[in-house]
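Please look over the sequence and the model below before reading the report.

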Amino acid sequence: MKIVLATSNRGKISEIKDILDFSSVEWVTIEDQPEWPEVVEDGQTFLENATLKAGALSQFFGEPALADDSGLEVEALENRPGIKSARFAGPKATDEENITKLLDDLNKATLRGERSRVARFLSVVVLYWPGGRTISAVGQCQGTIATAPRGTFGFGYDPIFIPNGYGRTMAELSPAEKNKLSHRGSALRELHQHFKNS
Ligand code: IMP
């Protein structure tokens, strides 16, 4: 069975392949295709955006496609950046720029008297078959925002996210440790159960 991985994020590609570890699946990724369609993520929710991405890639390749739409919600920032996590500091923002903006915004909130550093990662995954059938699942990981980035593993906001019960940021955990507790790990394991039952 072929499954298209509907993402251009190399961090996600490697995590999804490791978490699902399907020996019988031939993954189709942006890394081995000369043509890859741009998908405008203009949905209002993680589920809408994941469905948009998986649907577009499934139609383009005529194969089932799997998408993850995910992001970080910070309580003191009224759950921003949320669905805008990838583009928080601007349309082509790097991970470093997004982290800098998030820490700046949180420092300003602290100066206004806000004390919470509580945050959560959310992931919604959708498997979309040509013809339009879908299954989906949600995962989350609760934690707090560090005062400065630490660690070199992972991607995105990992260097400033400390999962509850850990003294280390996500970027200080090995990929295997992160996948066991991450939002993406939970969402994909639940999706796998739906898939086996479907
Ligand atoms: P998406 O590609 O629109 O789903 O954007 C997801 C964005 O959320 C990423 O670019 C990261 O900024 C952030 N994000 C999602 N999952 C993770 C994670 O596991 N670690 C760190 N950042 C993440």
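## Basis of the model

This is a predicted model, in which local features need pLDDT of at least 70 and side-chain atom pairs count only at pLDDT 80 or more, while totals for chains, interfaces and linings use all residues. Residues are numbered from 1 along each chain as its sequence is written, and side-chain values use heavy atoms, with hydrogens and water left out.

## Helices H1 and H5

Helices (H or I, at least four residues) and strands (E, at least two) are DSSP runs, numbered from the N terminus. Helix H1 spans residues 10-20 and helix H5 spans residues 183-197; their axes come within 10 Å and cross at roughly 45 degrees. The axes are lines fitted to C-alpha atoms over the stretch in contact, and angles run from 0 to 180 degrees between N-to-C directions. H1 is therefore oblique to H5; angles under 35 degrees count as roughly parallel, over 145 as roughly antiparallel, 65 to 115 as roughly perpendicular and the rest as oblique.

In this contact (heavy atoms within 4.5 Å), H1 supplies Lys12, Glu15, Ile16, Ile19 and Leu20, and H5 supplies Arg184, Gly185, Leu188, Arg189 and His192.

## Around the ligand

There are 17 residues around the ligand, and the nearest are Lys12, Asp158, Lys178, His183 and Arg184. A residue is counted if one of its heavy atoms lies within 4 Å of the molecule.

An oxygen atom of the ligand is 3.0 Å from a side-chain N or O atom of Glu41. For the side chain of His183, the distance from an N or O atom to a ligand oxygen atom is 3.1 Å.

## Backbone details

Arg80 and Pro81 are joined by a cis peptide bond, with omega about 0 degrees. Pro81 is in strand E4, residues 80-81.

Asp21 lies in the loop between H1 and strand E2 (26-28). Asp21 is not a glycine, yet its phi is positive, near 45 degrees.

Methods: A polar contact is a pair of N or O atoms within 3.5 Å; within protein, one must be able to donate a hydrogen and the other to accept it, and residues adjacent in sequence count only if both atoms are side-chain atoms.
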